[in-house]
Amino acid sequence: MAKLELKDVRKSYGPVEVIKGIDLTIEDGEFCVFVGPSGCGKSTLLRMIAGLEDITVGTFEIDGDRMNDIAPAKRGIAMVFQSYALYPHLTVRENIAFGLKVRKTPKAEIDSLVNEAVTMLQLDKLTERFPRELSGGQRQRVAIGRAIVGQPETFLFDEPLSNLDAELRVHMRTQISELHTRLRRTMIYVTHDQVEAMTLADKIVLLRGGQIEQIGSPRDLYERPKNLFAAQFIGAPKMNIFELEGDFVSLRDQMQLPADAQYCGIRPDSFDIVPEGNGIMSATVRLVEYLGNTCLVHAQIGSHAPIIVEQPVGSKLIVGDQVALKTMPNALHLFTKDGCRIN
Ligand SMILES: Nc1ncnc2c1ncn2[C@@H]1O[C@H](COP(=O)(O)OP(=O)(O)OP(=O)(O)O)[C@@H](O)[C@H]1O
Ligand SMILES: [Mg+2]
């Protein structure tokens, strides 16, 4: 069991507060993903949970017990880093067994735990190799193996896959997902990768500047972003945002938008491109990017920076075409002038 609770958790380095009051509950067995721009405090938060950084103010509890002053090794938490941090002079087997040996676990138990981990992670044939003889993905699996054998209640992952190439990332992502299904332990996972966040998370926590912007399921964040920041952070390509002034002031009447709507967001896949004169906005095609399964059309409206429209690959648009854009009223995300969601 490991239900994690952060209550008004803050962290300061000298006079600078970098974590500014986090209230967050992570349920037992939940897969929670932290996302947010670089420097927003994801790693710091993870390190405070692990006990590698002090909590300046606030409380961190596991199953109702205060952890602030409990040593990292006593929290039942294992952390997997972006840099695998393996011992170069130890074999795969010795690396995985290292922590157990330090804790003076009986040899038979070490062997059984290590064997189980190497089988689960498909490292059986590599146990006598040294880290330098492994690929990045294999090294990362050893690092995960080392975490598993400690039988922690909670796993923390800080961008574990960001050093891997695209194919290996997909493979390892699936393995981490399977690991969660199999062990049903509480996991917190930090990533910059949208696909990892969307596919792995039960719950996404979106951070900015040391504060939480939104907490919810991947679907909540994608379909009902709470504010302009969340709207533009989740989703690739990004949501297009129109300020309902100047070139776009006419959208208010055309779409019968409420008076307090100042910004309107429309995702690239929520537009249709239609012949000139038929849509709500006229545009000029500035660029067509062919991605194989889809096309990204950069369409310019007035002097506004081009907006991005996702189209089927069959579309015959070319640069310079005059077109119109159409959308459905239920595809609109509306925000006040302070950036808060309205609809
Ligand atoms: N030891 C430190 N002393 C002073 N400031 C620090 C220290 N460690 C981190 N910070 C600051 O705290 C803030 C949060 O850093 P953190 O490493 O948690 O960000 P992050 O969200 O993990 O970023 P990234 O996505 O780049 O890994 C940053 O502004 C960083 O400069
Ligand atoms: Mg970080």
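A polar contact, as I use the term here, is a pair of N or O atoms within 3.5 Å; within protein, one of them must be able to donate a hydrogen and the other to accept it. I keep in mind throughout that this is a predicted model.

**Entry 1: K203 and E30**

With that in hand, I looked up K203. Its side chain and that of E30 are joined by a polar contact of 3.1 Å. K203 belongs to strand β9, which covers residues 203-208. Is K203 buried or exposed? I noted a relative accessibility of 14%, so K203 counts as buried, the cut-off for buried being under 20%.

**Entry 2: around ligand 1**

Next I listed the residues around ligand 1: Y13, V18, S38, G39, C40, G41, K42, S43, T44, E159 and H192. Sorted by class, this shell has three nonpolar, six polar and two charged residues. Which element gives the most to the shell? I found helix α1, residues 42-50, with three residues.

Then I went through some atom pairs. T44 has a polar side-chain atom 2.5 Å from an oxygen atom of ligand 1. In the side chain of H192, an N or O atom is 2.7 Å from an oxygen atom of the ligand. For Y13, I noted a polar side-chain atom 3.4 Å from a nitrogen atom of ligand 1. As for cover, ligand 1 taken alone exposes 640 Å², and the protein buries 57% of that.

**Entry 3: salt bridges**

I was curious how many salt bridges the structure holds. The count is 13. I looked at a few of them.

E53 pairs with K11 in a salt bridge, and their closest N and O atoms are 3.5 Å apart. This pair links distant parts of the chain: E53 sits in the loop between α1 and β4, K11 in strand β1 (residues 4-13), and they are 42 residues apart. Both E53 and K11 are buried.

R169 forms a salt bridge with D193, with 3.3 Å between the closest N and O atoms. Here too distant parts of the chain are linked, as R169 is in helix α5 (residues 166-183) and D193 in the loop between β8 and α6, 24 residues apart. D193 has 21% relative accessibility, so I put it down as partly exposed.

E223 and R219 make another salt bridge, at 3.2 Å between the closest N and O atoms. Why are they about one helical turn apart? Because they are four residues apart in helix α7, which runs over residues 218-223. I marked E223 as partly exposed because its relative accessible area is 41%. R219 comes out at 57%, so it counts as exposed.

One more note under this heading: D8, R10 and E17 are linked in a network of salt bridges. As a reminder to myself, side chains of opposite charge can pair when their charged atoms come close.

**Entry 4: a surface patch**

I turned to nonpolar residues on the surface. Y87, F98 and V102 form a patch there, with about 250 Å² of accessible area together. I placed F98 in helix α2, residues 92-102. Its relative accessible area is 32%, so F98 is partly exposed.

**Entry 5: V118**

Last, I checked V118, which lies in helix α3 (residues 107-120). Buried or exposed? V118 is buried, because its relative accessible area is 4%.

How values were computed
Residues numbered from 1 in each chain as written. Chains lettered and ligands numbered in written order. Predicted model: local features only at pLDDT ≥ 70, side-chain atom pairs only at ≥ 80, totals over all residues. Heavy atoms only, no water. Near = heavy atom within 4 Å. Areas by Shrake-Rupley, 256 points an atom, 1.4 Å probe, with all protein chains shown as cover. Helix = DSSP H or I, 4+ residues; strand = E, 2+ residues; numbered from the N terminus. Nonpolar A, V, L, I, M, F, W, Y, C, P; charged D, E, K, R; others polar. Patch = residues over 30% accessible without salt bridge, like charges linked within 9 Å, V, L, I, M, F, W, Y side chains within 5 Å. Salt bridge = Lys/Arg side-chain N within 4 Å of Asp/Glu carboxyl O. Buried < 20%, exposed > 50% of the residue type's maximum accessible area, 1.4 Å probe, protein only.
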